[in-house]
Amino acid sequence: MTPESPDTVEDLDTAPEETAPVGRVTLWEGDPGTLPLNVRRTLVALLRGPYLSQRRDSVLWATLLAHTDVIRAHLGDLLLQLEIDADSEVAFTRNLRPDPDFDQPVPSVLRTAPLSFIDSALLLHLRHLLLQATAQQERAVVGRDEIAAHMSAYLASSGHDEAQFAKRLAASLERMRKWSLLVDTDTADRWEISSVLALVLTAEEITGIEQEYQRLREAAADGTQPALTEVEEETA
């Protein structure tokens, strides 16, 4: 879900308070909280996910920058880690990873969505396009036809015929939109790739996935490896 944007004068008028040190703030009689309203709203936006950005909500982004330590500490109490990219002006949360020497179980707070074979391949392609556009200081915008043309290289490895593959690719694109990794533009079937995608996967993870997908393509091409079954594709 996307963070709510301020739509009242009262919301906008709360911005100045975020420049002051955070002390205990009681918003109403019996309020159990301690933080100013916009700091709470920023925490909610980060918890709702999938990410917070300056473009989506400049007020909450300014609040995040003004009170990063406070917000990071409160997220830490929930076993969440705050990730901020100041250059891309995006932030999101991860499950907190304790020190390797910590010998007690730490639960995962955020639910994870398993990626299918097609999801993973699509994410790799979108991330590559994003990095290219970023290097050229351009917006990363891509269309459905361009994506379909590139993804056709994975058809043999997917274990599906062309019609099934197209259906699953369409479903994958909808998931990317739901997760706000693909953002709608004014043109139908053209999307801007969110800059947060460059932060989601580490370089090591990207390398590992790319190597595995290259192996699958080569194996499917020479017939030495059976194509993925439907169950394997869904749990890849």
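A: Two strands are said to pair if DSSP finds at least two bridges between them. The model is a predicted one. With that rule, an open sheet of 3 strands can be described: the order is β4-β6-β5, and the pairing is antiparallel. The strands β4 (141-143) and β5 (182-184) stand at the edges and have a single partner strand each, so one side of each has no neighbour in the sheet. On average, neighbouring strands of this sheet are turned by 40° against each other, with direction ignored.

The pairing can be followed down to residues. Strands β5 and β6 pair in the antiparallel sense over 3 bridges. Val183 has Glu192, in β6, as its bridge partner. As a general rule, strands of a sheet pair through backbone hydrogen bonds, parallel or antiparallel.

Next come the helices that lie against these strands. Helix α5 lies across β4, β5 and β6, and runs at about 70° to β6. Helix α6 lies across β4 and β6, and runs at about 75° to β4.

Which residues have the most contacts inside the largest nonpolar core? They are Leu122, Leu126, Ile147, Met151, Leu182 and Ile193, in a core of 26 residues. Two or more residues of this core come from each of β3, α5 (117-135), α6 (144-151), α8 (162-178) and β6 (190-193). The largest share is that of α5, which gives 8 residues. Ile147 shows how the parts meet: leaving out residues up to four places away in sequence, Ile147 touches Leu122, Leu126, Val142, Leu169, Leu173 and Trp191. Another core, of 14 residues, lies apart from the largest one and includes Leu46, Leu60, Leu64 and Ala91. In soluble globular proteins, nonpolar side chains tend to be buried together.

An α-helix has 3.6 residues a turn, so residues three or four places apart point the same way. At the start of α3, a side-chain oxygen of Asp57 comes to within 3.2 Å of the backbone nitrogen of Val59.

Another pair of strands can be set beside the sheet. Strand β2 (residues 80-85) pairs with strand β3 (residues 90-95) in the antiparallel sense, over 6 bridges. Glu83 has Phe92, in β3, as its bridge partner. The two strands form a hairpin with 4 residues between them, and Glu89 in the turn has a positive phi of about 60°. Asn95 belongs to β3. Its side chain reaches the backbone nitrogen of Val109 at 2.8 Å. Beyond neighbours within four places in sequence, Asn95 is in contact with Leu79, Leu80, Ser108, Val109 and Leu110.

Last, the setting of these parts in the whole chain. The chain has 11 helices and 6 strands. Of its 236 residues, 35% count as buried. Among contacts between residues at least 6 apart in sequence, 59% join residues at least 24 apart. The accessible surface of the chain is about 13,900 Å², and 53% of that belongs to carbon and sulfur atoms.

Terms used:
Residues numbered from 1 in each chain as written. Predicted model: local features only at pLDDT ≥ 70, side-chain atom pairs only at ≥ 80, totals over all residues. Heavy atoms only, no water. Polar contact = N/O pair within 3.5 Å; in protein donor to acceptor, adjacent residues only side chain to side chain. Buried < 20%, exposed > 50% of the residue type's maximum accessible area, 1.4 Å probe, protein only. Contact = heavy atoms within 4.5 Å. Areas by Shrake-Rupley, 256 points an atom, 1.4 Å probe, with all protein chains shown as cover. Core = buried A, V, L, I, M, F, W, Y, C linked by side-chain atoms within 4.5 Å. Axes fitted to C-alpha atoms, helices over the stretch in contact; angles between N-to-C directions.
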